[in-house]
There are 2 protein chains.
Amino acid sequence: MDILSRLKAITPHVLTGDDALPYGRDWVGKYETSPLAVVRPRTTAEVSAILALCHETETPVVPMGGNTGLTGATAADGALILSLDRMQTIREIRPEARIAVVEAGVILQDLHDAAEAHGLTYPMTFGARGSARIGGTLATNAGGSNVLRYGNTRDLCLGVEVVLADGRVLDLMSELHKDNSGYDLRDLMIGSEGTLGVITAAVLKLYPAPKAHATAMVTTTGLSAALNLLNALQTRTGGMVEAFEYMPRGYMDNLARFRADLTPPLGHDQDHTIFLEIGSTMLRDCTPDETGQIPLVSHLEETLGVLFEEGLVLDAALAQSEAQRALMWEIREAAAEISTAEKPVVINDLCLPLDRLEAFMDQAETRLRALDPGFKTCPVAHLGDGNIHYTVYPSTYELADPLMEEVEEIVREMGGSFSAEHGIGLSKLPSMERRKNPVALEMMRAVKAAFDPKGILNPGKTLP
Amino acid sequence: MDILSRLKAITPHVLTGDDALPYGRDWVGKYETSPLAVVRPRTTAEVSAILALCHETETPVVPMGGNTGLTGATAADGALILSLDRMQTIREIRPEARIAVVEAGVILQDLHDAAEAHGLTYPMTFGARGSARIGGTLATNAGGSNVLRYGNTRDLCLGVEVVLADGRVLDLMSELHKDNSGYDLRDLMIGSEGTLGVITAAVLKLYPAPKAHATAMVTTTGLSAALNLLNALQTRTGGMVEAFEYMPRGYMDNLARFRADLTPPLGHDQDHTIFLEIGSTMLRDCTPDETGQIPLVSHLEETLGVLFEEGLVLDAALAQSEAQRALMWEIREAAAEISTAEKPVVINDLCLPLDRLEAFMDQAETRLRALDPGFKTCPVAHLGDGNIHYTVYPSTYELADPLMEEVEEIVREMGGSFSAEHGIGLSKLPSMERRKNPVALEMMRAVKAAFDPKGILNPGKTLP
């Protein structure tokens, strides 16, 4: 019996030929692959049977969630795509324990909605939340806009269920906040891009949903001042900062050119603009006073006033309405659109130590200018995490690789990472080869061999 | 040349015979072992040379920090003890980046003091902080009193430097908040009790130090009400809860018997007492008002008032002075003393899902009573983490094992863990054998074989 027949004996949900092709294309449109087939199991037992079959027949398997990744991690030429999209049950929400128990195929937005119905939030969020699936966010340790306050996906996960390469089920579905019984296999699985096992379910943390926000655009004298501002704000608000995003002049220039409809409250001619938001669950912050003002907004206004006196803030505009708040978010969320509007373009997803971002920006300017006097940039940063998307426009296509190499070299010298939140997949393999600590790479290969001795799980990804 | 001579060629700090014996005794007094020798390197290069030598000669090595562990994880019969106690330099504190770069032998209290000089805190703390060393806290993923707000040691660590079994240095000294470049080897090393490598240095997170605290003893109707109280308090304070400790009547009985000098503000005759503390960095909370009152204390008083109206609180006593606060802490910190004052005693370090603690207490009472009608308990819990130290006094020594087994079985049925914060070492090996998921054990053994193929690192610990 051939493998397709054996797959169909496990589940009838097997796609081949033209039906399988859409799964072979990635969201960015960069990778176009021809999968052997697509199998869409409904249960962990089916996933287990499928992997046991693939293990026996040495068939390469590419696990897939919402297929919204940015690094080609689900490219699948000749491989079986194991789509988790039918495993989309939210098994439990236990509001008192502040946990959700979900299957890997649950769409992120669906979990947001389900938590909200209990006055809670699952704080992981990003642009593709309407199609990204929990399993994919775990496999890539997804970041996003709320990492500063709540952490990456890894920080939000208490337990996972994983099917191993040979079909054994590794049940790590812990609901516990403390568990020191042996090695941390959970965090090894999170972020391993389906190369060590297939995540089929998870226990996730929920938080009380903020009942009020205060939002502002602020200008500062530079990145060091911005970091001091962040620290002062964290101390004075008790860690309420949910967004702290940096948009320098290069970003504002592109905004003016490609989204002239969005006028920044403090104008385009600012060297260093910060977009920030704080959120509170406290009744005393969220109940409007006799004038209808939200105390949290007054609190931010006073705090920024003090920081203005201290010289950390040059100017500030507070959102006085939901419309003004939405405009500020739109200015930040235009990043993908305005930064890819020019070609040729080099996209970067860098992370640096928080207090080295200014030095990075200076060095990048100098060293890239030396290689390409006509280069331009459109940087935008999740500053609170040290995560900068440093988009570069070389003068010519030929200069793209040398400029990217130089950016990565500066990052390496400063103890940074060439992949902050998007992962490795296929597109960052050359960077892994060139920049990752060689002993770390050796030990990652040893781990891979221990979990997937036949190399059937998402072959050719993550490790060069 | 014998191994001792070769060790002395690496560093003169080698102890043998009687000089080595104190290192062979554990802090609890349960394990008395005779090490081959003790070597006390000063640098990572020396650790590397020592491990390369041990690897070549297949000499077992037991890494040791402050030797304050509770599970016999540093017992070392015939093994070389590799003490990190001379590597005690705090290399850097960078207040703007909120990080400390430390060597493994730094004493926890010394890091507390160094952070405090910058108005910051390294929030990991527990009783043995004056002698515990950072390397040991990382090797065991130590818990303690502040986990509810700041997380376990794992959550406080950005990077580690590890020397592998064969002497290679695995440099994971990241200062980054986001880094998705390959597998999470850092978290694999943390909590592995020196069986996968020797941690020689770390990058740790610092936080703004709270400038005011508000502290109270509260009584409730039971554990479910207590969990609701915790959740309400977290929401209303915006996550400021630093301690939320549960002391039922069995605890208060032992307190009355063995520490009659400590009178609980709400008396001994309460079924369910909670000790709680909130902390704030916010100026508005910490600046005394015109009457000299700290606003944070008023805020807690008001909040408890509302929760009293809602029926979540039966009675409450707020600390009105540092002396009253100190008394409340002393009542909680008397746990070690009053719970081990009776014999025979079975000590447990359990973790349960937050909303199953009440069911656990009920079942334990019923099922242990069936085995031993005369048994007594003295439970005390880090309730916010689900971590309960459920101390049991069997009627006879013979009943100790059956009662411990029964407790573990209830915990397993409820999805809990038999080791919340103390780790496995030697003393919990039988529990690992009996209760840990077998597939998880198999994969842990595969990881161990990948990192330490000759099995020289802390042999016989962690994995049964």
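1. Two strands pair if DSSP finds at least two bridges between them. In this predicted model, β1 of chain B and strand β2 (residues 37–39) of chain B are joined by two bridges and run antiparallel. Within that pair, B:V14 sits opposite B:V39 of β2(B).

2. Now the interface itself. How many residues does the contact take from each chain? Chain B gives 86 residues and chain A gives 86 residues. The buried area between chain B and chain A is about 6,800 Å². Carbon and sulfur atoms give 55% of that area. On the chain B side, B:K178, B:N180 and B:Y183 lose the most area to chain A. Together these three make up 15% of what that side buries.

3. A helix pair in chain A deserves a look. Helix α14 (residues 357–371) and helix α15 (residues 400–413) of chain A have axes that come within 10 Å. The axes cross at roughly 150°. Is the crossing of α14(A) and α15(A) left-handed or right-handed? The crossing is right-handed.

4. The residues behind that packing can be listed. From α14(A) come A:F360, A:Q363, A:A364, A:R367, A:L368 and A:L371. They meet residues of α15(A), including A:P402, A:L403, A:E406, A:V407 and A:I410. By class, the contact of α14(A) with α15(A) has nine nonpolar, one polar and four charged residues.

5. Chain A also has a hairpin, formed by β5(A) and β6(A) with four residues between them. Strand β5 (residues 90–94) and strand β6 (residues 99–103) of chain A pair in the antiparallel sense over four bridges. A:I93 has A:A100 in β6(A) as its bridge partner. In the turn, A:R98 has a positive phi of about 55°.

6. Check the cis peptides. One joins A:K343 and A:P344, with omega about -5°. A:P344 lies in the loop between α13 (335–339) and β16 (350–351) of chain A. Another joins B:K343 and B:P344, with omega about -5°. B:P344 is in the loop between α13 (335–339) and β16 (350–351) of chain B.

7. Two loop residues have backbone angles to inspect. A:E58 is not a glycine, yet has a positive phi of about 55°. A:E58 is in the loop between α3 (44–57) and β3 (61–64) of chain A. B:N141 is not a glycine either, and has a positive phi of about 45°. B:N141 belongs to the loop between α5 (134–139) and α6 (147–150) of chain B.

Methods. Residues numbered from 1 in each chain as written. Chains lettered and ligands numbered in written order. Predicted model: local features only at pLDDT ≥ 70, side-chain atom pairs only at ≥ 80, totals over all residues. Heavy atoms only, no water. Axes fitted to C-alpha atoms, helices over the stretch in contact; angles between N-to-C directions. Left-handed = near helix turned anticlockwise from the far one by under 90°. Contact = heavy atoms within 4.5 Å. Nonpolar A, V, L, I, M, F, W, Y, C, P; charged D, E, K, R; others polar. Buried area = accessible area lost by both parts, 1.4 Å probe.
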